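This briefing is intended for a reader with the sequence and the coordinates at hand.

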Amino acid sequence: MNEQPSETEELGEAPEAARKYFGDRFGDAVRYGELLADVGVRRGLIGPREVPRLWERHLLNCAVLSEVVPGGVTVCDVGSGAGLPGIPLALVRPDLRITLLEPLLRRTTFLQEAVELLGLDHVTVVRGRAEEVLGTLKPVHVVTARAVAPLDRLAGWGVPLLRPYGEMLALKGDTAAEELKGARAALQKLGVVETSVVQVGEGVVDPLSTVVRAEVGESPGGIRFAAKRAKAARGKRRR
């Protein structure tokens with residue numbers, strides 16, 4: 001009787017682009033891929049059908065987000081799930097200070113295991129919802145997200161976590177421009193002053209990864225969230 005291949009075997013050999021892109025952290029990228037293909041599937045963090053396309057559709061697709069993240073900044077990956085895009089980004093950008101923000105315990109447990117396994121000293125795992133950590137999590141330069149929610153709802157969670165003149169970078173699909181158009185009014189209310197759709201990953205992924213970029217002015221989240229942040233900060237000082 002033929003044995004069924006294990007999930008890690010179905011992961012397959014990494015493409016040459018992965019070896020070049022992850023560089024000296026390529027071995028850790030392989031370990032992370034194997035963790036996703038094994039523990040990630042068993043715990044329901046990714047579907048088993050995603051395993052054969054983990055490299056192109058997930059690991060590299062997320063890693064190329066690094067092309068639009070400034071150097072040496074703080075990042076919060078909202079709704080990090082299984083660590084996408086936060087962990088691939090951390091592997092290629094040791095200069096960043098990254099927070100993986102995730103509300104579900106089984107996911108934060110996985111994330112903490114992955115961070116420790118890969119030795120990602122510049123990554124912190126925080127359990128909570130974006131609206132719950134507002135005022136307690138130090139505002140960041142960049143918020144990242146992937147497949148979390150429609151853009152208008154995602155912005156309501158992510159934009160208030162930004163420091164003035166920060167930006168939200170959301171990995172989206174083919175309908176990114178259309179989604180951005182529909183969310184523009186909501187983004188303006190949240191203090192977003194400039195938006196764009198950019199594609200990254202030339203020569204690494206095909207199709208290219210599409211990123212919606214939303215840059216804020218001096219009031220991330222708008223007036224409503226400024227008051228909420230101030231209230232949370234006062235409460236923190238009292239404690």
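The points below are grouped by topic.

The model is predicted. Its protein chain has 10 helices and seven strands, and buried residues make up 50% of the 239 residues in that chain. The structure holds 11 salt bridges, whereas a search of the whole structure finds zero disulfides.

**Overall architecture**

- Among contacts between residues at least 6 apart in sequence, 69% join residues at least 24 apart.
- The accessible surface of the protein chain comes to about 12000 Å², and carbon and sulfur atoms account for 48% of that surface.

**Nonpolar cores**

- The largest nonpolar core has 52 residues, of which Phe22, Trp55, Ile87 and Phe110 touch the most other members.
- Elements that give two or more residues to this core include helix H2 (16–22), helix H3 (26–42), helix H4 (54–63) and helix H6 (105–118), as well as strand E2 (97–102), strand E3 (123–127) and strand E5 (162–172).
- Helix H3 supplies the largest share of this core, namely eight residues.
- Another core, of 29 residues, lies apart from this one, and Val140, Ala145, Leu180 and Leu187 are among its members.
- Not counting residues up to four places away in sequence, Trp55 touches a set of residues including Leu11, Pro15, Ala18, Phe22, Phe26, Val30 and Leu60.

**Cysteines**

- Cys62 is buried, because its relative accessibility is 0%, under the 20% limit.
- Cys76 likewise counts as buried, at 0% relative accessibility.

**Salt-bridge network around Asp28**

- Arg25, Asp28 and Arg31 are linked in a network of salt bridges.
- The salt bridge between the side chains of Arg31 and Asp28 has an N to O distance of 2.9 Å.
- Arg31 and Asp28 are three residues apart in helix H3, so about one helical turn separates them.
- Arg31 is partly exposed, with a relative accessible area of 40%, whereas Asp28 counts as buried at 13% relative accessibility.

- The side chains of Arg43 and Glu113 meet in a salt bridge (3.1 Å, N to O).
- Arg43 lies in the loop between H3 and H4, and Glu113 in helix H6, so the pair ties together parts that are 70 residues apart in sequence.
- Arg43 counts as partly exposed at 32% relative accessibility, and Glu113 counts as partly exposed at 33%.

Conventions
Residues numbered from 1 in each chain as written. Predicted model: local features only at pLDDT ≥ 70, side-chain atom pairs only at ≥ 80, totals over all residues. Heavy atoms only, no water. Disulfide = S-S within 2.5 Å. Buried < 20%, exposed > 50% of the residue type's maximum accessible area, 1.4 Å probe, protein only. Core = buried A, V, L, I, M, F, W, Y, C linked by side-chain atoms within 4.5 Å. Helix = DSSP H or I, 4+ residues; strand = E, 2+ residues; numbered from the N terminus. Contact = heavy atoms within 4.5 Å. Areas by Shrake-Rupley, 256 points an atom, 1.4 Å probe, with all protein chains shown as cover. Salt bridge = Lys/Arg side-chain N within 4 Å of Asp/Glu carboxyl O.
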